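Please look over the structure below before reading on. The report is written for someone meeting it for the first time.

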Amino acid sequence: MIKERKVFKKLLVETGNDKVSVVLGPRQTGKTTALKFIHEALIGRDKASGIFLDLDIYSNFEKVSSYENALATFKLAGYNPQSPKRFYVFLDEFQRFNDLSIIIKNIYDHHKNIKIYATGSSSLAIKHKIQESLAGRKIITHLYPLDFEEFLHFKGRKELVTQVKNTSLLNGDNLFRATRELYAGLEEFIIFGGYPEAALVDKKQTKIEILKSIFDLYVKKELVEYLKLDKILEVKKLIQYLAVNNAQKIKYQNIAQIAGLSQKTVKIYIELLKETFLIAEVKPFFTNKNKELVKIPKVYFLDSGVANFFINNFNGFELRKDAPFLFENYVLSELIKGGIEPDTIKFWQDKNQTEVDFLLEGSKKLTAIEVKFKQSLASDDLSAFKIFGRGYSGARCFLVNLSCQKAFKKVKALLPYKVAHTILSFHA
């Protein structure tokens, strides 16, 4: 039985749209499962016909390697050009072949009764290939690792899923004890991450072995075979440096010295890690956007289990000096999984080093977010907002913490369990 993800319903709705549905995301997050879910739903609902091709298998690519080959393959699978019924084509990992987007374009332009779903694990490659050929012809959906609520669903913890949904009803200062079960689930989620296969098992060592297999494949398929990187040991050192300094400012010069790479190469590799959905780069906020391009960024992992894997540390929070950074990383990843584009998230800092962790630019107002890995708040936890508010008085301010959920004068304190949904409901 396929475990459903939130994004599956959105993709299913797109069966009624003739545009090419492109699903982007890291390997092993369920893109293939998403296509199978849609295919099974269509067979059961509409008695639809279609074809599923895993393009990691070269012989499958040969079947669609030209417009003529593709049409012949589809006809053999039951496609009738004269039929009013749609024929569904599912292409898994289509970024591996340079000319495929042109073939998809020709099919889209000349066969309106064919609906195409295509997945890819490298947005860099796909962006270049579809920018022109599929302009106006595509809908892009991102499928990341599980968010916290999905993680609980995969674990079969229905009672905790219900608790997450009901946390919006809580109000007060001392809510940690009442939410202790949720906190325990959150700790497991942050330590081991949201990759579905790892979430489905309970044993620590089995989780670690699954993560190892996922990232051995990431190195083999993405870095070596596809991106043709030849300095794999250096890239691993780079990733380890980022993992040790997760949620902190990075200096390219330091990374270059440790990894044995030039600063130019470091910047290129960090961009590749972003475009293969391993990390997110958060830049400082300036009204002068040119300054954002040259200032030191922070780097976060889209899944905290990945960061823990690369530093080989799966200890619980009580043994982790970096627990506050992991918690901050969690909030960032939940925002992205909730629909915020990574490149639109900034952080704010003044000349005195006063900092607000995240800043979201909306159509009308700024949304400022501070993250505190604390069970009790003090008055100085609001000080950054006071200083920030002198220049941006109209901003909505949220303080994510472990125990307090209530409204202060200009700040809303939030529990972390439904953080993205709550903040995004205010952000526009």
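What follows describes the chain as a whole and then turns to a few of its residues.

## The chain as a whole

This is a predicted model, and every value given here is computed from it. The chain is built from 19 helices and 14 strands, and its C-alpha atoms fill a box of roughly 70 × 50 × 45 Å when the box is taken along the principal axes. For 428 residues, a compact globule would have a radius of gyration near 22 Å, and because the chain has 23 Å, the two values agree.

Of the 428 residues in the chain, 54% are buried. Among the contacts between residues at least 6 apart in sequence, 71% join residues that are at least 24 apart.

## Surface and charge

The accessible surface of the chain comes to about 19,700 Å², and carbon and sulfur atoms account for 51% of that surface. The chain carries 66 positive and 48 negative side chains, and the centres of these two sets lie 4 Å apart.

## Two cysteines without a bond

How many disulfides does a search of the whole structure find? The search finds zero. In the case of Cys-397, the closest cysteine sulfur is that of Cys-404, and because the two sulfur atoms are 15 Å apart, they are too far from each other for a bond. Cys-404 is likewise in no disulfide, its nearest cysteine sulfur being that of Cys-397, 15 Å away. Cys-397 counts as buried, at 11% relative accessibility, and Cys-404 is also buried, with a relative accessible area of 3%.

Cys-404 lies in the loop between β12 (396–400) and β13 (406–407). When its neighbours within four places in sequence are left aside, Cys-404 is in contact with Gly-172, Asp-173, Leu-377, Ala-413, Leu-414 and Leu-415. Another pair to look at is Cys-404 and Glu-181, which are 223 residues apart in sequence, while their C-alpha atoms are 16 Å apart in space.

Ala-48 has its place in the loop between α2 (31–46) and β2 (49–54). Is this residue, Ala-48, buried or exposed? Ala-48 has a relative accessible area of 16%, and because buried means under 20%, Ala-48 is buried.

Apart from its neighbours within four places in sequence, Ala-48 is in contact with Leu-42, Ile-43 and Tyr-88. Asp-92 stands 44 residues from Ala-48 along the chain, and the C-alpha atoms of this pair are separated by 19 Å.

## Two loop residues with positive phi

Ala-247 has a phi near 70°, which is a positive value in a residue other than glycine. The place of Ala-247 is in the loop between α12 (232–244) and β6 (248–249), and at 2% relative accessibility this alanine, Ala-247, counts as buried.

Asn-312, too, is a residue other than glycine with a positive phi, in this case near 50°. The loop that holds Asn-312 runs between α16 (304–310) and α17 (323–337). Asn-312 has 62% relative accessibility and counts as exposed, whereas Ala-247 is buried.

How values were computed: Residues are numbered from 1 along each chain as its sequence is written. This is a predicted model: local features need pLDDT of at least 70, side-chain atom pairs count only at pLDDT 80 or more; totals for chains, interfaces and linings use all residues. Side-chain values use heavy atoms; hydrogens and water are left out. A disulfide is a pair of cysteine sulfur atoms within 2.5 Å. Buried means under 20% relative accessible area, exposed over 50%, partly exposed in between (1.4 Å probe, protein chains only). Helices (H or I, at least four residues) and strands (E, at least two) are DSSP runs, numbered from the N terminus. Contact means heavy atoms within 4.5 Å. The radius of gyration is taken over C-alpha atoms; the globule rule is 2.2 Å times the number of residues to the power 0.38. Accessible areas come from the Shrake-Rupley method with a 1.4 Å probe; for residues, only the protein chains shown count as cover. Lys and Arg count as positive and Asp and Glu as negative; His and the chain ends are not counted. The place of a charge is taken as NZ of Lys, CZ of Arg, CG of Asp or CD of Glu.
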